[in-house]
Amino acid sequence: MDLFLQQLTNGLAVGSIYALIALGYTMVYGVLKLINFAHGDLFAIGAYLGLTLLTTFGLSQYLGPMGVVIVLAVMVMGLVAVVGAVLERVAYRPLRQAHRLSAVVSAMGASIFFQNALMLVYGARYKVYPHDILPKNAVSIMGFEIPLVRLLVLLTSVLMMVALYLFIQKTRIGTAIRAAAIDQRAAKLMGINVDRVIMIVFLIGPALGGVAGLMVGLYYGQINFTMGWMYGLKAFTAAILGGIGNIPGAMVGGLLLGVIEAMGAAYISIAWKDAITFMVLIAILIVRPTGLLGERVADKV
Amino acid sequence: MGCDGVMLQVENIHVRYGRVEALHGVTLEVREGEIVTLLGANGAGKSTTLNAICGIFKTTEGAIRFRGDNIHTLPAHEIVTRGVAQVPEGRRVFGTLSVRENLNLGAYTCNDNARNQSNLQRVYALFPRLAERAGQLAGTLSGGEQQMLAIGRALMANPKILLLDEPSLGLAPLLVKAIFDTIREINRSGLTVVLVEQNARAALKLAHRGYVMEVGRIVLEDTADQLLANPDVQKAYLGGVR
């Protein structure tokens with residue numbers, strides 16, 4: 001029972017990280033019908049920027065652990081958002097009228113560029129986050145010991161997802177994003193500046209992906225310039241699992257995938273962890289390509 | 001405002017889709033308070049003309065002036081701000097958003113809450129059905145209701161001119177009549193209307209003036225009564241019977 005609960009909370013924490021990354025894939029797909037293959041690398045950039053900010057400014061001298069994490073998260077989000085917006089401007093906007101495949105190739109190129117840039121700047125070796133940032137102690141909930149870091153990751157991610165959901169559902173810009181995802185031409189006829197909507201999506205998605213990178217750094221302590229590839233693929237799987245283009249779908253898909261993976265690692269074999277993820281992807285594509293929450297469209301002619 | 005009450009002036013515009021030219025120099029004008037109809041067969045360029053006015057398609061030649069200002073150089077979303085609203089062909093309501101959200105999106109360019117509220121009440125008065133279904137997803141509405149929503153959504157933008165693209169398409173005759181009555185009512189309240197229609201007879205009965213398009217050109221321009229009486233128009237667009 002203890003193993004089950006440990007793996008469940010672990011899966012939820014990892015899953016919430018997948019969910020944060022998956023949101024970037026799904027939002028971009030929603031408005032542009034493009035899989036942003038560079039998104040995983042934006043996540044890796046977030047992890048590295050977090051490390052740089054942490055070590056160069058020595059934030060932990062001035063702030064408590066929570067303060068450090070909050071300041072760090074805000075800074076990483078801001079910086080990665082800017083990288084995302086520049087990416088859109090440079091690699092995708094010039095191809096807006098081109099064939100869809102051109103943008104996909106451009107995305108792959110951007111991914112290779114970011115990966116190599118990270119390697120050149122930070123080196124190819126694993127980098128280690130300082131381990132004295134967050135308290136090591138565990139919280140006891142109804143007799144079960146759960147590491148504080150795990151709870152923090154889960155809590156922060158859920159908070160961000162709720163904030164995003166409210167933003168998308170309740171605000172004017174959020175409604176404009178949804179409208180542009182449904183029908184760009186109709187959105188233009190409403191007076192919505194679709195280019196600006198796309199820009200906003202490329203600020204929000206990378207911001208969430210970047211903060212997910214920071215969380216992985218804090219949670220696992222180790223980062224590598226190729227980490228964006230595997231996390232990107234898993235988050236992409238999560239987005240497909242939930243239904244690509246669907247925001248609640250990405251959240252559900254991420255959490256679910258995290259739990260499936262953790263359970264598979266515990267009860268089947270840890271060596272099969274990644275294989276299980278991709279079996280899920282293949283199964284979804286065969287059985288329900290629209291994903292769990294995808295395309296609940298009620299369109300009457 | 002241009003002189004002699006001309007609200008919209010389209011001057012010799014050309015539009016291309018890739019290598020194919022769809023409009024070869026279309027010229028027309030709409031005066032304030034008018035209903036002008038644009039007739040023609042499928043593929044004549046009626047929708048393209050409306051979309052060029054709205055900035056969805058860019059013109060390669062010619063000019064479009066709205067109340068004296070060039071608008072063919074503006075992006076689509078700014079043209080809406082100037083007071084040009086379109087009810088697109090096939091309605092294009094946002095199916096997975098509620099009726100109310102669709103209407104709110106119509107008012108996307110207006111920040112004046114009081115005005116948006118009064119516009120909403122006006123739209124609900126015009127189409128009580130929309131008020132009843134405010135919380136429902138637009139995709140679950142019937143075709144006629146979706147058309148009402150598309151018109152209501154366009155009215156929420158507080159337009160000075162309303163462009164309607166095939167509002168009767170796919171609707172039952174009774175509904176077509178209701179929609180046309182509404183267009184007349186909207187026009188009487190002071191809104192200028194451009195109406196693209198397949199249903200030429202109904203359109204000409206409603207309109208003040210009309211243009212006939214053939215393969216990317218305007219071939220005829222007259223008052224609606226004259227067009228109704230024109231033997232060529234009768235033969236080509238009115239089924240030959242009087």
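This is a predicted model: local features need pLDDT of at least 70, side-chain atom pairs count only at pLDDT 80 or more; totals for chains, interfaces and linings use all residues.
Two strands count as paired if DSSP finds at least two bridges between them. Helices (H or I, at least four residues) and strands (E, at least two) are DSSP runs, numbered from the N terminus.

Residues are numbered from 1 along each chain as its sequence is written, and chains are lettered from A and ligands numbered from 1 in the order in which they are written.

In chain B, β1(B), residues 6-17, pairs with β4(B), residues 59-66, in the antiparallel sense over six bridges. In that pairing V10(B) is opposite I64(B) of β4(B). β1(B) also pairs with β2(B), residues 20-31, again antiparallel, over nine bridges. There Q9(B) faces E29(B) of β2(B). The hairpin of β1(B) and β2(B) has two residues between the strands, and G18(B) has a positive phi near 60°.

Now chain A, which has eleven helices and four strands. Its radius of gyration is 19 Å, close to the 19 Å of the globule rule for 301 residues, so chain A is as compact as a globular protein of that length. The radius is taken over C-alpha atoms, and the rule is 2.2 Å times the number of residues to the power 0.38. Along the principal axes, the C-alpha atoms of chain A fill a box of roughly 55 × 45 × 35 Å.

Next, one helix pair. α2(A), residues 39-57, packs on α3(A), residues 65-92, at about 135°, with the axes 9 Å apart. Axes are lines fitted to C-alpha atoms, for helices over the stretch in contact, and angles run from 0 to 180 degrees between N-to-C directions. The pair is therefore oblique; under 35 degrees is roughly parallel, over 145 roughly antiparallel, 65 to 115 roughly perpendicular, and the rest oblique. Residues are in contact if their C-beta atoms, placed from the backbone, lie within 7 Å. Contributors include L49(A) and G50(A) from α2(A), and V76(A) and G84(A) from α3(A). The contact residues divide into eleven nonpolar, three polar and no charged. Here Ala, Val, Leu, Ile, Met, Phe, Trp, Tyr, Cys and Pro are nonpolar, Asp, Glu, Lys and Arg charged, and the others, Gly among them, polar.

Last, the interface. It takes 19 residues from chain A and 25 residues from chain B. On the chain A side, α6(A) gives the largest share, five residues. That side divides into ten nonpolar, three polar and six charged residues.

Conventions. Two residues are in contact if their C-beta atoms, placed from the backbone, lie within 7 Å.
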